[in-house]
Amino acid sequence: MPPKPLRIWKLDDYITLLFDAAGGVVAAYPKNTVSADMQGVVTNIKDSEVTILLTNGLTIKPKCEGEKLSSLNGYFVSVGSSSNGKAYLTRIALNSKQPGSWTVESGKLGDRTVSPKVRIYEEVLSGSPLNAISLSDIHLSSIPSSDIRYTVADNSGSITNIILGDVTGESWVYGMGNIISDYSKPDEDVWKNMSAEEQRQYKNDHETYKYAVTNWKDGQSVVDTFPVISLYSGAGSGPIGVPKGYSTEIANSSFSTLPLSLIDTVGIDAFEGSTGVRTKDGYFELADDIGVYVSARKEFISLSSAKINYKDFRLYANKSLSDGGKIRVIMAS
């Protein structure tokens with residue numbers, strides 16, 4: 001229970017007001033006894049204005065203060081207020097223990113009720129941005145507590161927000177990855193006068209990195225480029241997944257990728273339309289609207305075009321068949 005409201009206030013006191021459904025003030029408390037901080041997911045940042053989808057479903061756009069606001073884009077935060085009227089954001093660690101598994105159809109998480117309007121996110125790798133998904137994206141009847149990162153409940157105890165791990169496989173950008181390095185040379189005369197060792201050292205000191213992902217999106221081959229702070233563990237080329245939500249404009253300090261597994265190499269007759277394919281491990285579903293990568297062209301083409309022009313298809317999945325994996329990248333030759 002909140003503390004009893006104080007009846008006497010002094011000038012310059014900070015207070016928290018509680019409102020009823022009609023907007024009337026029903027109580028006032030000292031700021032240090034009742035928290036008015038809000039929680040939500042940062043969905044956009046432009047200069048000092050941040051767009052946050054709160055856990056109650058409302059969207060706010062406060063003016064914020066603090067360094068490196070861009071590093072909070074896509075993350076779950078608490079929103080506090082400072083004495084100058086601006087908001088400050090604090091990233092929330094997603095490490096809470098859950099009361100049990102989530103039985104999706106019955107709408108129960110442990111012994112608690114899940115709201116029919118529950119907002120669901122996935123954090124596919126520790127530290128990666130959150131990606132919003134819908135209930136219809138989940139095809140499992142039950143999700144174990146080990147795959148539930150965080151929950152938020154309303155005043156009645158009904159769960160209104162759930163953050164999952166990599167449950168659906170839909171919160172990735174799948175494609176062909178490649179590290180790109182670059183650096184800006186000094187003036188040509190200065191560069192020519194450097195020794196080979198000095199040039200190597202200059203390159204090491206000024207080199208920047210980007211991770212390019214060629215992928216199939218909206219019926220065409222596109223390249224998404226992600227600036228990264230440095231070369232990271234697992235960097236390399238090949239079929240990969242990148243968590244959705246990483247910035248394509250600001251260097252990502254926690255950037256990581258998921259290497260895809262080669263399942264099989266098959267011919268055209270192994271495909272069952274555009275929905276599935278028979279492999280040595282069994283029948284795999286194909287990801288929706290999947291494209292086919294052609295190494296000679298360094299781009300993706302449609303599956304229907306690939307079947308006309310190519311005979312051999314290498315199939316890559318995000319997970320094993322028993323773990324609910326799908327074929328996410330196909331390479332043709």
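These legends go with close-up views of a predicted model.

**View 1. The whole chain, before zooming in.**
The protein has 333 residues, and 42% of them count as buried. Look at contacts between residues at least 6 apart in sequence, and 54% of them join residues at least 24 apart. The accessible surface comes to about 18900 Å², with 48% of that belonging to carbon and sulfur atoms.

**View 2. An open sheet built from β5, β4, β3, β6 and β7.**
Five strands line up here in the order β5-β4-β3-β6-β7, with antiparallel pairing. At the edges sit β5 (59-60) and β7 (87-91), each of which pairs on one side only. Zoom in on β3 (residues 38-46) and β6 (residues 76-81), and you'll find 4 bridges joining these antiparallel strands. To get your bearings, pick out G40, which stands opposite V77 in β6.

**View 3. β10 and its partners.**
Start with β9 (residues 108-109), which pairs with β10 in the antiparallel sense over 2 bridges. K108 has T113 of β10 as its bridge partner. The hairpin of β9 and β10 leaves 2 residues between the strands, and G110 in this hairpin takes a positive phi near 65°. Next comes β14 (residues 159-164), paired with β10 in the parallel sense over 5 bridges. β11 pairs with β10 too, this time in the antiparallel sense and over 3 bridges. I120 is a handy landmark: it stands opposite I162 in β14, and its bridge partner in β11 is I133.

Is S128 buried or exposed? It counts as buried, because its relative accessibility is 0%. The S128 side chain reaches the backbone oxygen of L125 at 2.7 Å. Leaving aside residues up to four places away in sequence, S128 touches Y75, E123, P243 and Y246.

**View 4. The largest nonpolar core, and another one apart from it.**
In general, nonpolar side chains of soluble globular proteins tend to be buried together. The largest nonpolar core here holds 20 residues, and the members touching the most others are F271, V277, F313, I327 and I330. At least two core residues come from each of β20 (261-266), β24 (291-294), α3 (303-309), β26 (313-317) and β27 (327-332). Another core, of 14 residues, lies apart from this one; W102, I143, I162 and V167 are among its members.

**View 5. Two aspartates with positive phi.**
Most residues other than glycine have a negative phi. D218 isn't a glycine, yet its phi is positive, at about 55°. You'll find D218 in the loop between β16 (208-217) and β17 (220-228). D218 counts as exposed because its relative accessible area is 70%, and the cut-off for exposed is over 50%. D289 also has a positive phi, near 50°. This aspartate is in the loop between β23 (282-285) and β24. D289 is exposed as well, with a relative accessible area of 55%.

How values were computed: Residues numbered from 1 in each chain as written. Predicted model: local features only at pLDDT ≥ 70, side-chain atom pairs only at ≥ 80, totals over all residues. Heavy atoms only, no water. Buried < 20%, exposed > 50% of the residue type's maximum accessible area, 1.4 Å probe, protein only. Polar contact = N/O pair within 3.5 Å; in protein donor to acceptor, adjacent residues only side chain to side chain. Contact = heavy atoms within 4.5 Å. Core = buried A, V, L, I, M, F, W, Y, C linked by side-chain atoms within 4.5 Å. Pairing = 2+ DSSP bridges. Areas by Shrake-Rupley, 256 points an atom, 1.4 Å probe, with all protein chains shown as cover.
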